Amino acid sequence: MSLLPIITYPNPVLKTVCKPVEKVTKEIQKLLEEMAETMYAAPGIGLAAPQVNVLKRVIVIDTVWKQEESGRQLYQLVNPVIVERSGSIEWEEGCLSIPEFSQIMKRSQKVTVKALDKSGKEIVIDAEELLAVCLQHEIDHLDGKLIIDKASRLKRKLYLDKIKKHQHMEHHPQAIL
Ligand code: NI
């Protein structure tokens with residue numbers, strides 16, 4: 001297993017709508033394992049395949065993130081679809097692909113999600129609060145939607161200016177003395 005590099009905004013890959021997985025093959029199972037390890041290492045509570053440059057409808061989530069494997073509550077989901085939603089909730093969300101950025105998002109308070117698990121079996125998840133928010137955030141990624149899309153134009157511009165400055169500093173040539 002290896003950790004996968006996480007791509008960051010404004011990489012256009014993050015704006016792409018991902019394709020459904022036709023069959024949960026060994027390759028998809030390997031992707032699910034590597035995505036889980038990458039999420040725990042980041043550390044994050046959710047990760048979607050486009051964030052690791054794979055344009056497939058695959059996500060991993062663990063909102064009770066624990067260092068010890070025994071305390072983990074990992075969801076590895078293929079082709080997740082929200083089939084029911086109710087209520088509304090506001091949550092301040094971050095994203096591994098948009099470092100040092102957060103946005104207050106309006107979400108459904110409860111969702112029911114249908115998906116395939118890593119063995120290819122159909123499962124149904126009834127989620128609320130943080131798990132519901134996280135499912136909506138990760139499924140948005142599969143449709144090329146990011147939390148920064150909901151920010152004001154000014155906030156987005158300030159963020160882009162900040163990361164440009166950062167890149168500039170990192171790539172600044174060494175002074176020859
Ligand atoms: Ni994200």
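Modeller: Because the model is predicted, local features need pLDDT of at least 70 and side-chain atom pairs count only at pLDDT 80 or more, while totals for chains, interfaces and linings use all residues. Residues are numbered from 1 along each chain as its sequence is written, and side-chain values use heavy atoms, with hydrogens and water left out.

Biologist: What makes Cys95, His137 and His141 donors of the nickel ion?

Modeller: A donor is an N, O or S atom within 2.8 Å of the metal (3.2 Å for Na, K and Ca). SG of Cys95, NE2 of His137 and NE2 of His141 coordinate the nickel ion at 2.1 to 2.3 Å, so these atoms meet the definition of a donor. Water is not among the atoms, so a site may look incomplete.

Biologist: What spacing do the donors of the nickel ion follow along the chain, and which parts does the pair of Cys95 and His137 tie together?

Modeller: The spacing is C-x41-H-x3-H. Cys95 lies in the loop between strand S4 (89-93) and strand S5 (103-107), whereas His137 belongs to helix H2 (residues 129-142), so the pair ties together parts that are 42 residues apart in sequence. Helices (H or I, at least four residues) and strands (E, at least two) are DSSP runs, numbered from the N terminus.

Biologist: How many helices and strands does the chain have, and in what pattern do they follow one another?

Modeller: There are three helices and seven strands, and along the sequence they read α-β-β-β-β-β-β-β-α-α.

Biologist: Why is the chain called as compact as a globular protein of its length?

Modeller: The radius of gyration, taken over C-alpha atoms, is set against the globule rule, which is 2.2 Å times the number of residues to the power 0.38. For 177 residues the rule gives 16 Å, and the chain has 17 Å, which is close to that value, so the chain is as compact as a globular protein of that length.

Biologist: Why is Val81 called partly exposed, and which residues does Val81 touch?

Modeller: Buried means under 20% relative accessible area, exposed means over 50%, and partly exposed lies in between (1.4 Å probe, protein chains only). Val81, in strand S3 (residues 75-86), has 43% relative accessibility and therefore counts as partly exposed. By contrast, Cys95 and His137 are both buried, and buried residues make up 41% of the 177 residues in the chain. Leaving aside residues up to four places away in sequence, Val81 touches Thr112, Val113 and Lys114, where contact means heavy atoms within 4.5 Å.

Biologist: What makes the phi values of Asn53 and Glu129 worth a remark?

Modeller: Most residues other than glycine have a negative phi. Phi of Asn53 is positive, near 70 degrees, and phi of Glu129 is positive too, near 50 degrees. Asn53 sits in the loop between S1 and strand S2 (58-61) and, at 49% relative accessibility, is partly exposed. Glu129 lies in helix H2 and is partly exposed as well, with a relative accessible area of 35%.
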